[in-house]
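Me: Please take a close look at one strand and the parts around it. Keep it brisk, and give the cut-offs as you go.

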Amino acid sequence: MVAERDFKDFMAEVCTSVAVVTALADGLPHGTTVGSLTSLSLRPPMVTIALDRRSRLLAVVRRTGRFGVNLLGAGQAGLAAVFASPAADRFAAAGWETDDGLPRLRHAPGWLVCRTERLVDGGDHVLVLGGVTRVALAPSAAPLVYGRRAFGTHCALPHHAPPSITDQIAAFAR
């Protein structure tokens with residue numbers, strides 16, 4: 001059996017995008033931070049997220065059959081921390097509006113509207129498969145990522161030109 005600590009340490013090395021998943025029920029917004037957003041399918045467009053079984057948001061998603069995905073930018077680590085906390089009113093510190101019947105964070109650079117296609121049990125979490133019905137993106141913002149137990153952002157590696165044919169022939173001749 002794998003020790004929980006060993007598994008957590010391994011997964012800490014995996015960088016993930018950071019998003020706040022939201023839903024609306026009885027006029028009240030619900031939301032939580034996730035690092036489990038993954039593209040599932042292009043045709044049709046689908047994503048997956050994983051929500052803790054005990055999550056209030058999961059209960060709302062089950063009931064309404066819809067959720068929004070607010071992809072966060074590099075300057076939004078504080079917002080990610082608020083939505084990951086046990087705070088009762090996470091939306092009090094966030095500028096948000098209703099968009100397509102779902103809570104949308106005003107300054108999140110990416111936005112998806114999803115309908116719940118399927119729920120799959122997975123240990124202490126439930127995998128939510130969502131059909132994407134709408135996309136909005138402001139690609140100028142650097143993405144917020146989480147890895148090694150810290151928030152950061154992605155930067156491209158420097159581009160290295162391949163060696164010239166002359167250098168390749170010289171290396172082969174050695």
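Reply: Strands here are DSSP runs of E, at least two residues long, and helices are runs of H or I, at least four; both are numbered from the N terminus. Take T48, which lies in strand β5. This is a predicted model, so local features need pLDDT of at least 70 and side-chain atom pairs count only at pLDDT 80 or more, while totals for chains, interfaces and linings use all residues. Residues are numbered from 1 along each chain as its sequence is written, and side-chain values use heavy atoms, with hydrogens and water left out.

T48 has a relative accessible area of 10%. It is therefore buried (under 20%; exposed is over 50%, partly exposed in between; 1.4 Å probe, protein chains only). Beyond four places in sequence, T48 is in contact (heavy atoms within 4.5 Å) with S36, L37, T38, L40, L127, V128 and L129.

Now the sheet. It is open, with 7 strands in the order β3-β2-β6-β9-β10-β5-β4, and the pairing is antiparallel (two strands pair if DSSP finds at least two bridges between them). β3 (28-34) and β4 (38-41) are the edges: each has a single partner strand, so one side of each lacks a neighbour in the sheet. The twist averages 35 degrees from one strand to the next (axes are lines fitted to C-alpha atoms, for helices over the stretch in contact; angles run from 0 to 180 degrees between N-to-C directions). β6 and β9 pair over 6 bridges. There, R66 has R115 of β9 as its bridge partner. Helix α2 packs on the sheet. It touches β5, along with β2, β3, β6, β9 and β10, and its direction makes about 55 degrees with that of β2.

Finally, β5 is one of the elements that supply at least two residues each to the lining of the largest pocket. That lining has 40 residues, and T33, V34, G35, A50 and H125 lie nearest the pocket centre. β3 gives the largest share, 6 residues. (On a 1 Å grid over the protein atoms alone, a pocket is an open set with protein on both sides within 12 Å along at least five of seven lines; lining residues have an atom within 4 Å of a point.)

Terms used:
On a 1 Å grid over the protein atoms alone, a cavity is a set of points where a 1.4 Å probe fits but cannot get out, and a pocket is an open set with protein on both sides within 12 Å along at least five of seven lines; lining residues have an atom within 4 Å of a point.
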